[in-house]
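Colleague: Could you take me through the aromatic residues of this model, and then through what sits around them?

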Amino acid sequence: MLFAGAQLADPDRSALHASALTVGDSLYLWDGFAADGEIVLRRARINGGVSVATTGSISMDAATITADTFLLQAGDPSASSVSLRQASIRLLRGGPEGWPDRVSLDGLSYETLDPPLPASERLEWLRRDGDRYAPQPYDHLAAPYRRLGDDAGARQVQLAK
């Protein structure tokens, strides 16, 4: 499903409301994509990947989404937000620089992070979750470092918790 160049607007509501959407392949919101209003993908099942790249801000509710991969590049991270609460993603792509300044990550599960970054950089990503303190995102972040044999990185995450 390709939304290249799409300009969606409903500033007081959802610019794109696709709760419980099922996509057989991938969902692309990029190449000039812009949304003035929230993007709602709660409970969506994306068999391939979700790729979101905007030049401006983005507000996305992707709580409980299931996807093979997830990539988010917000053009204006300071005015953007994303909720991935209780989401299940195999491969979480991108570095913290493209992620919004406001994230909700409690319950998010993923198997792999790409690119591999030092724990200190990934911790910056978790610190953006201002909802409330939750230990799960820290415990989950420590796991990929342990799997890679980076015990120092896993310890750094656990100490930050």
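Modeller: Happy to. Rings of Phe, Tyr and Trp (its six-membered ring) pair if their centres lie within 6.5 Å, with planes under 30 degrees apart called stacked, over 60 edge-to-face and the rest tilted. On that basis Phe70, Trp99, Tyr110 and Trp125 make up one aromatic cluster. Before going on: this is a predicted model, where local features need pLDDT of at least 70 and side-chain atom pairs count only at pLDDT 80 or more, while totals for chains, interfaces and linings use all residues. Residues are numbered from 1 along each chain as its sequence is written, and side-chain values use heavy atoms, leaving out hydrogens and water.

The structure has five aromatic pairs. One of them is Tyr28 with Trp30, which is stacked, at 4.7 Å centre to centre and 20° between the planes. Tyr28 is partly exposed at 26% relative accessible area, and Trp30 is partly exposed at 34% (buried is under 20%, exposed over 50%, partly exposed in between, with a 1.4 Å probe and protein chains only). Another pair, Tyr110 with Trp125, is tilted: 6.2 Å centre to centre, 55° between the planes. That pair ties together distant parts of the chain, with Tyr110 in strand 11 and Trp125 in helix 1, 15 residues apart (helices, H or I, are DSSP runs of at least four residues and strands, E, of at least two, numbered from the N terminus). Tyr110 and Trp125 are both buried.

Now for helix 1, where Trp125 sits. Helix 1 covers residues 119–126, and its buried residues are Ala119, Arg122, Leu123, Trp125 and Leu126. Looking down the axis, these buried residues fall within an arc of 150°, so they line one face of helix 1 (the arc takes directions from the helix axis to the C-beta atoms). Strand 9 (88–93), strand 10 (102–104), strand 11 (109–114), helix 2 (136–147) and helix 3 (151–160) are among what covers them, contact being heavy atoms within 4.5 Å.

Leu92, Arg93, Gly94, Trp99, Leu113, Arg122 and Trp125 line the largest cavity. Strand 9 and helix 1 are the elements giving two or more residues to that lining.

How values were computed
On a 1 Å grid over the protein atoms alone, a cavity is a set of points where a 1.4 Å probe fits but cannot get out, and a pocket is an open set with protein on both sides within 12 Å along at least five of seven lines; lining residues have an atom within 4 Å of a point.
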